[in-house]
Amino acid sequence: MKKSLLLATTAALAFSPLAVQADTGFLIGASVARDQSNADDFFEDAVNNVADADSADADMGGDVYVGLAANEIFTFRFGYRKFGDAEADVLGGIGKFEVETDGFYVAADAMFPLTPSFYVGGTLGIQDADITFRVRGPGGSDSMDDDARDFFYGLRAAWLLSEQAGVTASYSRYAFEADDVSEDLEYDSLAVGLEYRF
């Protein structure tokens, strides 16, 4: 009973107007990410499995954002995300399938302190994506542009170096629907970055 009362009191204080007023501030941040895509499965589905593609290597992407810290727990971010370019060999290397993806997003983070300087939590957001698909082969190349918008989610951690600056680490999962393809274009992203609050 005492534990339930303590949890309820903590939650009430976290969501109270006083908590929001006390800790409101702006933030900026940037990160680099290792993006692993399913470009091989996506390509095979797009061509109805008439051609094989090798697994795409992970590539480096990036993220820059501005945001608002509503209180000690909740932050809201608006940013630009450039995913690492995905490339898969087709038919044993005779051709290549390439994917380039970028776009703007909004996200909400809920971060909970484990120690005064270490926070863990989760992220939920919506990513707008401009996607370019390109197929290259001995006979030339062809490309197609598409756009998508979908939710993404992930885990997030932060280590505070000072009252304003901190290091962030995150894992995020993205999935985008493309026209006429049943397989979603997916990214698993591991990122590290820096964040500054003022």
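Guide: Helices here are DSSP runs of H or I with at least four residues, strands are runs of E with at least two, and both are numbered from the N terminus. This is a predicted model, in which local features need pLDDT of at least 70 and side-chain atom pairs count only at pLDDT 80 or more, whereas totals for chains, interfaces and linings use all residues. Residues are numbered from 1 along each chain as its sequence is written, and side-chain values use heavy atoms, with hydrogens and water left out.

Visitor: What makes an empty space a cavity, and what makes it a pocket?

Guide: Rolling a probe the size of a water molecule over the atoms shows where empty space is left. On a 1 Å grid over the protein atoms alone, a cavity is a set of points where a 1.4 Å probe fits but cannot get out, while a pocket is an open set with protein on both sides within 12 Å along at least five of seven lines; a lining residue has an atom within 4 Å of a point. Points are joined across faces, edges and corners, and the volume is the space filled by probe spheres set on them.

Visitor: How many cavities of 30 Å³ or more does the count come to by this rule?

Guide: The count comes to one cavity of 30 Å³ or more, and the largest cavity holds about 190 Å³ of space. It is lined by 20 residues, of which S31, D63, R156, S170 and A191 are the closest to its centre. Two or more lining residues come from each of β1 (25-37), β2 (59-69), β3 (74-82), β7 (140-160), β8 (165-176) and β9 (185-197), and β8 gives the most, with five residues.

Visitor: How does the lining of the largest cavity divide by class?

Guide: Ala, Val, Leu, Ile, Met, Phe, Trp, Tyr, Cys and Pro count as nonpolar, Asp, Glu, Lys and Arg as charged, and the others, Gly among them, as polar. On that scheme the lining of the largest cavity has nine nonpolar, seven polar and four charged residues.

Visitor: What lines the second largest pocket?

Guide: The second largest pocket has a volume of about 220 Å³. Among its 15 lining residues, A46, F97, F133, V135 and M144 are the closest to the centre. The elements that give two or more residues to this lining are α3 (39-46), β6 (118-137) and β7, and β7 gives the most, with four residues. By class, the lining of this second pocket divides into ten nonpolar, one polar and four charged residues.

Visitor: Why does F97 count as buried, and why does F133?

Guide: F97 has a relative accessible area of 4% and F133 one of 6%, so by the cut-off for buried residues both qualify. In α3, A39, D40, F42, F43 and E44 are also buried.

Visitor: What makes two rings an aromatic pair, and what makes a pair stacked or tilted?

Guide: Rings of Phe, Tyr and Trp (its six-membered ring) pair if their centres lie within 6.5 Å; planes under 30 degrees apart count as stacked, over 60 as edge-to-face, and the rest as tilted. The whole structure has 15 aromatic pairs. F43 and F97 lie 5.0 Å apart centre to centre with 40° between the planes, and that pair is therefore tilted. This pair links helix α3 to strand β5, 54 residues apart. F97 and F133, at 6.2 Å centre to centre and 5° between the planes, are therefore stacked. F97 lies in strand β5 and F133 in strand β6, so this pair ties together parts 36 residues apart in sequence.

Definitions and conventions. Buried means under 20% relative accessible area, exposed over 50%, partly exposed in between (1.4 Å probe, protein chains only).
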